[in-house]
Amino acid sequence: MGTAVWIAAMAIAGFVLLVTTLSALAPTRVEYTETIVVDAAVSDVYDDIRLQDRLMRWSAWPRETQSTCAVDTGGAVDGRDGAVGARTVFFSKGKRIGHQEIVALQNSAEVAMTLVGPGPPHRPSMRFALTPDGPARTRVDLHFVNALPRPFNAIWRFAGLSAWTRRMHRKDLEGLKRFSEPPHRDADGNAVGRPPRATNPYEVPMPAA
């Protein structure tokens, strides 16, 4: 075996050993809860989350990831936005990169979603639990869970993606608060009113199948 081949083989073996070790140390399940209090009625906050047209106006993800979104109601149980099966579809440079889908609803109490995107074979989910705190005040608990198979768990953890995702969810809750409270500002800080009157710069028409 030549020296160059031997060095390459040792480097590969070392990399495999490193990933295996890190995978053993990193958790395969990421789970956390973030909370915010919104000065708005629980029914309004519920609509701002379940209606995907509204959600993509306050969510931090399109702005931070330089992506665009489209509302897909083709799989919704009643064919309308805000119902189980409705989706926000994400695009990067015109290419579809994933979606989030409403999988469960409890009227003015809970919105649960799953997310599908690029990367390792994982299926993160998040659940918004809403608790009224008076006639015009709502506690929002965002529960996030993600299960990552080995060795992808090591890459996810040590690349800082878990921490980045959590920061994004904190920004999401801050965006929800600004959107649900007067004067109802979008992710760009523009007052859009209720229901939103301004055009969402991040929304595009859903492409034909």
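**View 1. Arg-178 sits in helix H6, which covers residues 161–180.** Helices here are DSSP runs of H or I with at least four residues, numbered from the N terminus. This is a predicted model, where local features need pLDDT of at least 70, side-chain atom pairs count only at pLDDT 80 or more, and totals for chains, interfaces and linings use all residues. Residues are numbered from 1 along each chain as its sequence is written, and side-chain values use heavy atoms, with hydrogens and water left out. Arg-178 has a relative accessible area of 42%, so it counts as partly exposed (buried is under 20%, exposed over 50%, partly exposed in between, using a 1.4 Å probe and protein chains only). Setting aside neighbours within four places in sequence, Arg-178 is in contact (heavy atoms within 4.5 Å) with His-184 and Arg-185. Val-38 is 140 residues away from Arg-178 in sequence, yet their C-alpha atoms are 8.4 Å apart.

**View 2. Here's Gln-52, part of helix H3 (residues 52–58).** Gln-52 is buried, because its relative accessibility is 0%. Its side chain makes a polar contact of 3.2 Å with the side chain of Gln-100 (a pair of N or O atoms within 3.5 Å; within protein, one must be able to donate a hydrogen and the other to accept it, and residues adjacent in sequence count only if both atoms are side-chain atoms). Not counting residues up to four places away in sequence, Gln-52 also touches others, including Val-71, Asp-81 and Met-113.

**View 3. Gly-189 turns up in the segment after H6.** With a relative accessible area of 35%, Gly-189 is partly exposed. Gly-189 and Arg-178 are 11 residues apart along the chain, and 8.4 Å separates their C-alpha atoms.

Definitions and conventions
Helices (H or I, at least four residues) and strands (E, at least two) are DSSP runs, numbered from the N terminus.
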